[in-house]
Amino acid sequence: MSKITVGIPTIIRKSLTKTLEALMNQKEDDFDVLITYKGNLTREIEEYEKKLNIKFIRQESGFFEDALELILKNAKGKILLTTDDDAIPNENWIKDHVKFHDENKKAGIVSGEIEGRMWINYPNELKKKFEGTTYMEEYNGTFKDYVAYLTKTGLSIDRDERRYGLSLAIAGVNMSIKREVYTNCKVIKYSLRGSYNETLLALQAIKMGYSSVKAKIGLVSHLDTNSLSRPKVYDFSLKIEKFTLPYAVNFIFPLDIQLLEEFKEKIGGEARIGIDLAVKGIKESLKPEEFRRELGRTIEALYSKRRHNRN
């Protein structure tokens, strides 16, 4: 068994070759690579089987969360690292994560240093407006020392976006998880874009008694490409999805639905639409797959309305 498994979900973009080249240059060589993919493997990508210990798994259906589930189920390493198909880890990436886990036994999930454009954490907009209210309080005492923490309303909020330390601001482009954690994590397949999939893994790690950490290790350069979670132009549907997080959080840390409904009445726009969907999903005990369909129907209806208004 390899010490490390590196998981990469992909739709076989050209940029994947740069990611694989970076893995060939790692200073740690005891690792295997697990690639879940949609589309057709190209001969260029298949050639890397001669250079790296790669296992390819075709993703027959679903979205990003389904790809992540395949990675978690098929990983074998004592530590699972993940990155994107448009990212370039530095040569110490694997080595740095291994060392950090060796030295921090209670760190269940770790996010390293990232260079490049990041996704926007839209709930931070509400933090500015509702700071000091119950809605923005930590879910419980566990999150008092977290620089990115869980609120009583089930949102992930940043106290300081620049800081390292205990954090829910985990990024899958540079993430590592101990085997004891990832083998016991459930992927909640509720979204269309994979929003907060890392945060939900972090919350499960915390519930197991581990910590979630953002550390200044293993730099990864994230190429400035357009993606589902990092569109180059504003996308109202992504913002709506970000605010549905309380629905998924409720599976891990049960929420006060009355407080969430009260909070919903004080906000508007995409935030209200997302939280309204979360409330509906919780109250109606929707399964994640059912919630995903409801999210899709809501967004499609809004797109249709906007198209109609433009005509």
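Student: Which helix holds Lys264?

Tutor: Lys264 lies in helix α10, residues 257-264. Keep in mind that this model is predicted.

Student: Is Lys264 buried or exposed?

Tutor: Compare its relative accessibility with the cut-off: buried means under 20%. Lys264 has 11%, so it counts as buried.

Student: What does Lys264 touch?

Tutor: Leave out residues up to four places away in sequence, and Lys264 touches Arg272, Ile275 and Asp276.

Student: Which residues of α11 are buried?

Tutor: Among them are Glu270, Gly274, Ile275, Leu277 and Ile282. Just after α11, Ser285 takes a positive phi of about 50°.

Student: How do strands of a sheet pair?

Tutor: They pair through backbone hydrogen bonds, either parallel or antiparallel. Here, three strands form an open sheet with mixed pairing, in the order β5-β13-β7.

Student: Which strands stand at the edges?

Tutor: β5 (87-89) and β7 (114-115) do. Each has a single partner strand, so one side of each is left without a neighbour in the sheet.

Student: How many bridges join β5 to β13?

Tutor: Three, and the two strands run antiparallel. β13 covers residues 220-222. Ile88 stands opposite Ser221 in β13.

Student: What covers the buried residues of α1?

Tutor: First, name them: Leu16, Thr17, Thr19, Leu20, Ala22 and Leu23. Their cover includes β1, β2, α2, β3, β5 and α4.

How values were computed:
Residues are numbered from 1 along each chain as its sequence is written. This is a predicted model: local features need pLDDT of at least 70, side-chain atom pairs count only at pLDDT 80 or more; totals for chains, interfaces and linings use all residues. Side-chain values use heavy atoms; hydrogens and water are left out. Helices (H or I, at least four residues) and strands (E, at least two) are DSSP runs, numbered from the N terminus. Buried means under 20% relative accessible area, exposed over 50%, partly exposed in between (1.4 Å probe, protein chains only). Contact means heavy atoms within 4.5 Å. Two strands pair if DSSP finds at least two bridges between them.
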